[in-house]
Amino acid sequence: MKFFWIVPFFLLQDAEAFLMKNAKVKLCLAASPMNGNLLLEDCDPESDFQDWSWQGHSLMNQGTRSCLAVVGANSVQTSVCGSTSWDCSDSLLSPLGSSQGYLVANRKGVALNDVRGLKAQWQDVAERSVCEEKAAGAKQDRYFLAALASTHGYEHTAGSTTLALGIDQEELEELLWFFRREDPSAWNYSILALLFVALILGLLLLAINVARNRKRKIHVFQEAAEAAQQAELEANQALMPVQQEYSPAEPGKQEPLPQDQKAGEVVVQWKDGTITSLYTERSED
């Protein structure tokens, strides 16, 4: 059961990262991935080497996974986490248990100095103090520990959890409300019913669309067939006078030759209907 609380806790740890911008120079503190030195660069929320997060009293860089540490007298760089703890008050960062001064921005980078001006004040991009980020991280860690203890208490005994945390029952119930869980059965059933209705509606619309497309195709095909028939009929009607004009006369309809006409004789039919021979033989004397 604890595993389900630990996974979102580590996801939230990455979400707590923030930029450390100096109030004087308006540049952000960045860790060098090569040698552990600290740089002052233009603020870039997309850079992991400018993301810092509170791990207890240590400041860890998300890009190098190392922490802000004091090296030598006044030098500061990234090193193994746990070597240096930091106290944060009024946007000022100072090593715990030491009188070396405060973390100050200068031309070369950062160092420890006794100056308490704007050069020693560190904020995030929203101009909130980095101390507020530490308080928010501590509050979230407290909620997480309370949630773990509450799950452990429900598995064994709830009374021992309250005693181990040192908090009263009312505050424990408030923390449990922060990590409340509800039964999603009604919501799941509602979504399932809506999906079923949407499926039926989709199938109905699909069937209607298929039927309409089929009717449209049949109608278009019928119109095309009728147009083809009409064109063929008009073409035949246009060709009939030409065929009648140039078609040869039937043999049965040819006018018979006059009975007194001889073979090889050329006759002419005049407009008045009389028929005469073109060449007439002269009677022999």
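View 1. Cys88 is buried, at a relative accessible area of 14%; buried means under 20% relative accessible area, exposed over 50%, and partly exposed in between, with a 1.4 Å probe and protein chains only. The model is predicted: local features need pLDDT of at least 70, side-chain atom pairs count only at pLDDT 80 or more, and totals for chains, interfaces and linings use all residues. Residues are numbered from 1 along each chain as its sequence is written, and side-chain values use heavy atoms, with hydrogens and water left out. Cys88 is joined to Cys131 by a disulfide with an S to S distance of 1.9 Å; a disulfide is a pair of cysteine sulfur atoms within 2.5 Å. The torsion about this S-S bond of Cys88 and Cys131 is about -90 degrees, so the disulfide is left-handed. Cys88 belongs to strand S9 and Cys131 to helix H2 (residues 130–155), so the bond ties together parts that are 43 residues apart in sequence. Helices (H or I, at least four residues) and strands (E, at least two) are DSSP runs, numbered from the N terminus. Cys131 is also buried, at 15% relative accessibility.

**View 2. The disulfide between Cys28 and Cys43.** The sulfur atoms of Cys28 and Cys43 are 1.9 Å apart in this disulfide. The link of Cys28 and Cys43 is right-handed, with 90 degrees about the S-S bond. Cys28 sits in strand S3 (residues 28–31), while Cys43 sits in the loop between strand S4 (38–41) and strand S5 (51–55), so the pair ties together parts that are 15 residues apart in sequence. Cys28 is buried, with a relative accessible area of 0%, whereas Cys43 is partly exposed at 31%.

**View 3. The disulfide between Cys67 and Cys81.** Cys67 and Cys81 are joined with an S to S distance of 2.0 Å. The link of Cys67 and Cys81 is right-handed, with 85 degrees about the S-S bond. This pair links distant parts of the chain, 14 residues apart: Cys67 is in strand S7 (residues 67–71), and Cys81 is in the loop between strand S8 (75–79) and strand S9 (86–89). Cys67 is buried, with a relative accessible area of 1%, and Cys81 is partly exposed, at 37%.

View 4. Asp48 is found in the loop between S4 and S5. Asp48 is partly exposed, with a relative accessible area of 45%. Leaving aside neighbours within four places in sequence, Asp48 is in contact (heavy atoms within 4.5 Å) with Asn61, Gln62 and Gly63. From Asp48 to Arg65 the C-alpha to C-alpha distance is 9.8 Å, and the two are 17 residues apart in sequence.

**View 5. The annotated span, residues 186–208.** An unreviewed UniProt entry annotates residues 186–208 as "transmembrane region". UniProt positions are given in the numbering used here, feature names are shortened, and annotations may be inferred rather than shown by experiment. In the model, this span is 100% helix and 0% strand, and its end C-alpha atoms lie 33 Å apart.

**View 6. The whole chain, for reference.** The chain has 5 helices and 15 strands. Of its 285 residues, 27% are buried. A search of the whole structure finds 3 disulfides. With the bonded cysteines numbered in sequence order, the pairing is 1-2, 3-4, 5-6.
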